[in-house]
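Trainee: I would like to go through the cavities and pockets here. Please tie each label to its criterion.

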Amino acid sequence: MSDKYILAIDSGTTSSRAIVFNHGGRIVGSHQLEHEQIFPKAGWVEHNPVEIWTRTVQVITGALNDAAVTKADIEAIGITNQRETTVVWDKTTGKPVYNAIVWQDTRTQAIIDELGGGDQYKFQTRVGLPLATYFCGPKVKWILDNVDGARAAAEAGNLLMGTIDSWLVWNMTGGVDGGLHITDVTNASRTMLMDITTLEWDPEMAATMTIPMSMLPTIKSSSMVYGTATEPVIAGLPIAGILGDQQAATFGQACFEPGMAKNTYGTGCFMLMNTGETPVFSKNGLLTTPAYKIGDAKAVYALEGSIAVTGSLVQWLRDNLKMIETSGDIEALALSVKDNGGCYFVPAFSGLFAPYWRGDARGVIVGLTRYVNRGHIARAALEATAFQTREVLDAMEADSGAKLGMLKVDGGMTADDTLMQFQADIVNVPVVRPVVAETTALGAAYAAGIAVGYWTGEQDVIDNWAEDKRWVPQMEDAERDRLYRNWKKAVTKSFDWVDDDVIE
């Protein structure tokens with residue numbers, strides 16, 4: 001198998017990437033391209049699905065070229081994707097009826113309020129999720145209710161819906177000419193339409209959201225041969241793995257035992273803890289989600305803490321405030337000062353996700369004095385990621401009854417030593433980064449490779465995992481407690497901002 005490879009497609013929030021992995025789980029070639037972030041109104045976030053598909057084909061070509069291989073050298077294709085982001089398209093024309101509505105988008109708050117009737121956890125034991133603008137189903141309802149002709153076309157059976165994985169697979173396997181309309185359990189779990197226990201669509205939930213069942217993709221396992229690609233650059237290759245990005249990272253980090261957890265630092269921040277083959281329903285603001293399902297084996301579940309804004313806060317400082325030229329400049333700017341100067345930055349740009357689920361929250365910077373400069377704001381932005389992670393970890397330990405002994409980390413922000421050291425300090429456990437930090441794509445590769453026998457199973461993933469760097473706590477307890485206490489106070493200042501008088 002040493003001369004064969006697995007191709008992983010990582011369709012993220014800000015970019016599309018393709019990576020070629022060898023049998024040792026190492027990268028031999030990759031290519032990445034950003035796509036446009038569309039902000040039609042305050043609180044609205046969209047992507048162009050056609051652009052995402054175009055970028056996908058381009059990065060596949062680029063990754064194969066970078067690895068100096070052809071499709072003949074590839075054993076299978078795995079896909080991982082930003083979850084919740086929703087596409088509705090016409091199956092007869094192949095064209096989206098509207099832009100993709102991104103997971104960060106908050107336009108569905110009125111729908112959420114109507115569905116809940118004051119009870120945010122109304123459907124938690126059925127779908128594992130609180131009612132929030134984060135999830136897919138209400139986005140579909142918004143499109144059907146607001147795009148001219150969409151509901152009639154959907155009721156006539158002409159429209160399909162899905163998360164980005166479904167959109168990509170449909171296009172990869174022929175589109176209007178017999179494209180497969182599928183998803184996996186991890187992505188299906190983010191729609192609010194799947195029964196979290198049976199792992200099947202819940203007709204009552206679909207009816208509640210006025211979504212015709214004919215629009216829904218078929219739910220599959222995360223690792224199995226779904227079909228064969230027809231797109232020329234990969235024609236004939238089996239598509240054999242689909243995992244939502246955070247579940248893919250959990251798989252790539254070899255978190256196969258109950259109690260093991262990882263945290264991914266990307267556009268947002270997402271911590272998952274393996275809870276075994278039985279779903280655990282949170283009492284502390286976390287989500288219940290399938291972590292993965294390999295072939296016919298039972299699904300493995302996880303508790304998840306989702307944070308909306310972490311890496312995208314750095315992008316905001318770069319693009320909106322022009323404080324830095326590149327995202328990598330944030331660390332040097334933060335190191336220009338010795339501490340946050342009393343400044344705290346709560347980036348509730350899309351409300352607050354776990355553990356609060358406050359759609360009425362908006363971003364605030366507090367503790368400002370004449371002393372505070374751009375270095376303090378940069379440091380406060382980085383620290384916000386670590387503080388939010390601490391809040392999720394506290395909730396996770398409360399729900400699971402287990403004390404985490406180590407936090408596995410991955411994603412782009414783990415290259416920032418200052419952030420990772422502060423993270424270890426504020427959670428007071430070692431923080432460990434693997435050799436291959438791109439564990440999201442790696443997890444999708446493993447799922448596909450296991451399905452075709454390239455890897456034998458989870459043990460190969462465990463054997464391939466290797467530690468790259470470890471950060472250990474160095475902060476005094478009193479200082480940790482002081483900083484965290486002030487952070488918790490800062491968070492309360494973001495509450496109750498959105499009301500009838502606020503223009504969104």
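Mentor: What follows takes cavities, then pockets. This is a predicted model, where local features need pLDDT of at least 70, side-chain atom pairs count only at pLDDT 80 or more, and totals for chains, interfaces and linings use all residues. Residues are numbered from 1 along each chain as its sequence is written, and side-chain values use heavy atoms, with hydrogens and water left out.

Trainee: What makes a space a cavity, and how many of 30 Å³ or more are there?

Mentor: On a 1 Å grid over the protein atoms alone, a cavity is a set of points where a 1.4 Å probe fits but cannot get out. The search of the whole structure finds four cavities of 30 Å³ or more.

Trainee: How do you know the volume of the largest cavity?

Mentor: Grid points are joined across faces, edges and corners, and the volume is the space filled by probe spheres set on the points. For the largest cavity that gives about 90 Å³. The second largest cavity has about 60 Å³.

Trainee: What makes a space a pocket instead?

Mentor: A pocket is an open set with protein on both sides within 12 Å along at least five of seven lines. The largest pocket holds about 870 Å³. Its lining counts 43 residues, with Thr14, Tyr265, Gly266, Thr267 and Gly412 nearest the centre. By class, they are 12 nonpolar, 20 polar and 11 charged.

Trainee: Which element gives the most to the lining of the largest pocket?

Mentor: Helix α10 (311-319), with five residues.

Trainee: What about the second largest pocket?

Mentor: Its volume is about 650 Å³. Of its 28 lining residues, Phe39, Ser312, Trp316, Asn320 and Phe349 are closest to the centre. The largest share, five residues, comes from α10.

Key:
Helices (H or I, at least four residues) and strands (E, at least two) are DSSP runs, numbered from the N terminus. Ala, Val, Leu, Ile, Met, Phe, Trp, Tyr, Cys and Pro count as nonpolar, Asp, Glu, Lys and Arg as charged, and the others, Gly among them, as polar.
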